[in-house]
Amino acid sequence: MIDVAIVGGGPSGLALAILLLESGHRVKVLESRTAIGEHSRAIGIHPPGLAVLDRLGVGAEAAARGMRIGHGVGISRGRIVAELSFGSIRAEHRFVLSLPQNDTVALLRARLHSLDAGALATGTAFASVDAHPGHLLAHTRDTGGNPGTVRCRFLVGADGTRSDVRRGAGAPFAGHRLPDTYLMGDFPESTEFGSIAALFLHEHGITESFPLPGNKRRWVCWIRESETASLPELIVRRTGHTVDAGRNSMLSRFTTANLAVRSMNPGDVLLIGDAAHEVSPIGGQGMTLGLLDAAGLTGILDAALGGRISGAGLREELDAFSRLRLSAARRAAVQARVNMALGRPMWRPATGVRDALARALFASDRFSGAVASTFTMTRGEGGR
């Protein structure tokens, strides 16, 4: 019998598996995909998430592969109106690491394989779970449709926003679909920003620009649902910068939402990461939230599997874990909503007032320090 079956081989699921294996437990990760995706997807790992990667044994290699963002600028009408440095935040890592999610997953898979070559079962989709005295029976299907079963003591859903585990547990998302839509793409570097993140405040909506490893840069534009212009057209129109339209390595259009379950331990299963809470990508805090979920749950499962807690005591620990982590997700959701509100179109005559206010506020070390701590998730993050 497996101690913990984890559905989903993304960063949060792999992190939990690694930590449990290091604690001496038997783990199986069920991943429906047969290979790591080619698209970069999420790229930002904040300082608390970097601390988890250190704990997993991949932090140094991740930092070596990624781009360290330690500085950001806000630009309006061709002029810098705000600057933000992460040099004063209270964390071991005073930067946000830009590393494509597929690279992060590759590092975590290699670490998992070094601990247990058979722990990851790719091409294995979760179907349902049955509860029995003392264990759970997870039903699966492989890529050929053949059924299988995994007998385990705990089942954790780390299978993303469309979680089959969450749906099977009857734990629906609650929250809000948000009105903002964005167009996003990765292009060869064509600016002089280097490792600096740049936010272009335009009357027709914000454009964000972040460095990527491999001499690339990500661009994200707020758009109206009826917008027909291409991303390269929007970039040059709103920022003055040009990108090579024929060499984008990723292009997507996405809407936004802030959603969460009422409890991360519904019924017989547990939920972490995007399976438990979907936070708008604006702010990039989702991956770090999932890594912290994994780190927080590890200690509880280790104690339960070691016989140190059980019954009502275990339920109390899981309830406390759920409240703490959902509170962290709510904080991230509030920050995301603020970020999106600031990036929406603005009446042109009001932009001068906004720019003057930004200059005055960010001239204050206290204000800019508070913003830096909030943005990097080093303020109020107590979920480890």
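Modeller: Here is the part you asked about, followed by a few other spots and the overall picture.

First, some ground rules. This is a predicted model, where local features need pLDDT of at least 70 and side-chain atom pairs count only at pLDDT 80 or more, while totals for chains, interfaces and linings use all residues. Residues are numbered from 1 along each chain as its sequence is written, and side-chain values use heavy atoms, with hydrogens and water left out.

Now to your tail end. Helix 10 covers residues 365-375, and phenylalanine 375 belongs to helix 10. Helices here are DSSP runs (H or I) of at least four residues, strands are E runs of at least two, and both are numbered from the N terminus. Phenylalanine 375 counts as partly exposed because its relative accessible area is 25%; the cut-offs are under 20% for buried, over 50% for exposed and in between for partly exposed, using a 1.4 Å probe and protein chains only. Leave out the neighbours within four places in sequence, and phenylalanine 375 is in contact with His46, Phe86, Val96, Gly283 and Gln285. Contact means heavy atoms within 4.5 Å.

Move along to methionine 377, in the segment after helix 10. With a relative accessible area of 6%, methionine 377 is buried. Its backbone deserves a look too: phi is near 65°, which is positive in a residue that isn't glycine. As background, most residues other than glycine have a negative phi. Arginine 77 is another case, with a positive phi near 50°. You'll find arginine 77 in the loop between strand 5 (71-76) and strand 6 (79-85). At 58% relative accessible area, arginine 77 is exposed.

Next, some other spots in the chain. Alanine 329 is in helix 8 (residues 311-342), and its 5% relative accessibility is why it counts as buried. Leucine 289 is 40 residues from alanine 329 in sequence, and their C-alpha atoms are 7.0 Å apart. Leucine 289 also turns up among the contacts of alanine 329, along with His277 and Val279, once neighbours within four places in sequence are set aside.

Alanine 42 is in the loop between strand 2 (27-31) and strand 3 (44-45). It is partly exposed, with a relative accessible area of 32%. Apart from neighbours within four places in sequence, alanine 42 is in contact with Leu99, Pro100, Gln101 and Met287. Glycine 160, meanwhile, is in the loop between strand 11 (147-157) and helix 5 (164-168). Not counting residues up to four places away in sequence, glycine 160 touches Arg166, Asp274 and Ala275.

Time to zoom out. The protein has 10 helices and 18 strands. Contacts between residues 24 or more positions apart make up 72% of those with a separation of 6 or more. Of the 384 residues, 52% count as buried. The radius of gyration is 21 Å, which agrees with the value near 21 Å for a compact globule of 384 residues. That radius is taken over C-alpha atoms, and the globule rule is 2.2 Å times the number of residues to the power 0.38. Along the principal axes, the C-alpha atoms fill a box of roughly 65 × 45 × 35 Å.

Finally, the cysteines. Cysteine 152 is buried, at 0% relative accessibility, and cysteine 221 is buried at 0% as well. A disulfide is taken here as a pair of cysteine sulfur atoms within 2.5 Å, and the count by that rule is zero.
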